[in-house]
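Let's walk through this structure together, one question at a time. Keep the 3D view open while you read.

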Amino acid sequence: QPHITVVGAGLAGSEAAWQAASRGVRVTLYEMRPKVSTAVHRTGLFAELVCSNSLRGASLENAVGLLKEEMRRLGSLVMREALANAVPAGGALAVDRTGFAAGVTAALEQHPNITVVREEVREIPDEGVVVVASGPLTSEPLAAAILRFTGEKALSFYDAAAPIVNIETVNMEKVFRMSRYGKGEGDDYLNCPMTKEEYEAFYQALLSAEKAMPHNPEDERVCFFEGCLPVEEIARRGPDALRYGPMKPVGLIDPRTGRRPWAVVQLRQDNAAGTLYNLVGFQTSLKWGDQIRVFRMIPGLEQAEFERLGVIHRNTFMNSPRLLHPTGESRTRTGLFFAGQMTGVEGYVESAAGGLVAGINAARRALGQEPIAFPRETAIGSLMHYITHADPEHFQPMNIAFGLMPPLEGPTVKDRRARKRMISERALEVLASWAPAALGLPAAAE
Ligand code: FAD
């Protein structure tokens with residue numbers, strides 16, 4: 001019987017094991033907990049949610065809602081157990097974390113095709129088809145082995161991410177395109193200019209905003225040391241520190257005033273389609289609600305929708321644009337797959353989605369078939385496309401967002417909610433027509 005090995009029974013590894021086992025492939029699933037734990041896990045259960053108990057928005061006007069629906073239709077175990085253990089959470093899907101993790105654990109332990117081994121894996125298994133899904137807190141020996149496999153520059157240990165905005169929500173009348181001193185194309189950046197008064201108000205708001213508790217104080221110390229100082233920390237160094245740092249206005253002339261602004265926030269394109277822009281140098285550990293409130297004080301961003309907010313935590317993630325195919329398979333070793341947060345997706349659902357792709361494709365390899373990339377029109381396909389095609393120089397973990405998906409064809413639909421619904425409907429139609437032939441399993445009906 002064809003066989004694969006899965007390393008790590010978190011969100012991604014659990015889903016990968018399930019998908020492969022559902023296809024008649026034998027799976028050996030390694031999980032080091034409870035013998036060896038991580039800084040954030042508390043139990044020995046599979047698919048433990050280490051922080052929030054929310055799998056985020058449930059509606060199809062929400063990209064993560066679409067991602068979940070695609071997974072549900074593809075027989076996802078994570079989705080089955082999430083829905084079975086849902087707790088009231090308004091428009092979001094939140095779960096009873098223990099019921100959810102216990103449900104996933106029982107389903108995998110009882111599956112006739114799955115053998116669970118509670119051992120730490122210290123090397124990448126060098127034989128057969130393998131899915132490595134050991135997460136952002138991969139144990140030291142395995143992290144070192146992955147580092148040797150990928151090369152030093154291809155693995156980051158700290159994730160200090162700046163927020164990303166959807167360009168459609170930026171007020172272009174208030175911003176101007178220009179590179180500092182006209183370098184590059186001359187108009188690579190979008191600049192949000194501030195007057196002295198606006199800067200002072202922003203500075204005060206930043207100082208008084210609330211910081212999220214560091215998950216691990218050690219993370220913060222090392223991160224600061226490594227030079228990815230959060231904006232709020234820079235602000236704390238004095239009223240002008242930001243004007244000499246990420247908000248410096250030198251080399252920029254606002255064409256509407258003919259003068260240099262007092263301070264500037266620069267936005268840099270973040271994806272090839274030009275739909276997403278990140279706030280340059282604005283990595284932050286402020287609470288998400290405070291980030292939205294404070295960053296909307298930036299001229300032009302008053303109505304901005306953030307596709308990702310800033311985060312700082314220890315996070316082992318690979319430079320997937322250099323290392324992986326959109327099927328989750330390594331570019332250099334056939335039959336070796338990676339999945340989950342370590343591939344540069346961000347979030348529980350995104351990690352499980354990566355596990356679904358790797359599990360299906362590892363099973364295909366074991367069965368002598370070629371791995372298959374999901375269609376770009378689907379949220380799963382667009383997420384995998386993003387992490388394998390983003391700019392490798394600035395690669396940072398990413399949540400699913402409509403901005404990652406191909407725009408609709410035909411005349412522009414003005415209403416944004418209607419447009420999101422249409423992108424979701426298109427995704428589910430493409431999935432329904434593609435999945436049965438491509439994946440050999442019928443996509444579940446609505
Ligand atoms: P994990 O779920 O961590 O699974 C990896 C598994 O591999 C673990 O069970 C681990 O024990 C095991 N393992 C590790 N090394 C080995 C080894 N050598 N041998 C055998 N087994 C091994 N996302 C959200 O959506 N919401 C949040 O609130 C959230 N909070 C987070 C807080 C922190 C502190 C961190 C680090 C991340 C957070 N994330 C959050 C991001 C992400 O969604 C989670 O980390 C998610 O669990 C990633 O899924 P995964 O399967 O990639 O990794």
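Q: Is Gln19 buried or exposed?
A: Here, buried means under 20% relative accessible area, exposed means over 50%, and partly exposed is in between (1.4 Å probe, protein chains only). Gln19 has a relative accessible area of 1%, so this residue is buried.

Q: Which helix holds Gln19?
A: First, some ground rules: this is a predicted model, where local features need pLDDT of at least 70, side-chain atom pairs count only at pLDDT 80 or more, and totals for chains, interfaces and linings use all residues. Residues are numbered from 1 along each chain as its sequence is written, and side-chain values use heavy atoms, with hydrogens and water left out. Helices (H or I, at least four residues) and strands (E, at least two) are DSSP runs, numbered from the N terminus. Gln19 sits in residues 11–22, which is helix α1.

Q: Which residues does Gln19 touch, not counting residues up to four places away in sequence?
A: Contact means heavy atoms within 4.5 Å. With that rule, Gln19 touches Leu74, Gly75, Ser76, Leu356, Gly359 and Ile360.

Q: At roughly what angle do the axes of helix α2 and helix α11 cross?
A: Axes are lines fitted to C-alpha atoms, for helices over the stretch in contact, and angles run from 0 to 180 degrees between N-to-C directions. Helix α2 covers residues 63–73 and helix α11 covers residues 348–366. Their axes come within 10 Å, and the crossing is roughly 35 degrees.

Q: How many residues in the contact of α2 with α11 are nonpolar?
A: On the α2 side you'll find Val64, Leu67, Lys68 and Met71, which meet Val349, Glu350, Ala352, Ala353 and Leu356 in α11. Ala, Val, Leu, Ile, Met, Phe, Trp, Tyr, Cys and Pro count as nonpolar, Asp, Glu, Lys and Arg as charged, and the others, Gly among them, as polar. That gives 2 charged, no polar, and a nonpolar count of 7.

Q: How are α2 and α12 oriented to each other?
A: Angles under 35 degrees count as roughly parallel, over 145 as roughly antiparallel, 65 to 115 as roughly perpendicular and the rest as oblique. The axes of α2 and α12 come within 8 Å and cross at roughly 115 degrees. The two helices are therefore roughly perpendicular.

Q: Which residues in α12 do Leu66, Leu67, Glu70 and Met71 of α2 meet?
A: By class, this contact has 6 nonpolar, no polar and 1 charged residues. The α12 partners are Ala379, Ile380 and Leu383.

Q: Why is helix α12 described as largely enclosed by the rest of the structure?
A: Helix α12 spans residues 379–389. Its buried residues, including Gly381 and Tyr386, pack against α2, α10 (320–323) and α11.

Q: Which residue of β16 stands opposite Val130?
A: Strand β7 (residues 129–132) is covered on both faces, with Val129 and Val131 buried on one side and Val130 and Val132 buried on the other. With strand β16 (residues 336–338), β7 runs parallel through 3 bridges. Opposite Val130 stands Leu336.

Q: What is omega, in degrees, for the cis peptide bond that joins Arg33 and Pro34?
A: Look in the loop between β2 (26–30) and β3 (54–57), where Pro34 lies. For the cis bond from Arg33 to Pro34, omega is about 0 degrees.

Q: What is the phi of Ala47, in degrees?
A: Ala47 lies in the loop between β2 and β3, and counts as buried at 0% relative accessibility. Although Ala47 is not a glycine, its phi is positive, at about 50 degrees.

Technical notes:
Pairing = 2+ DSSP bridges.
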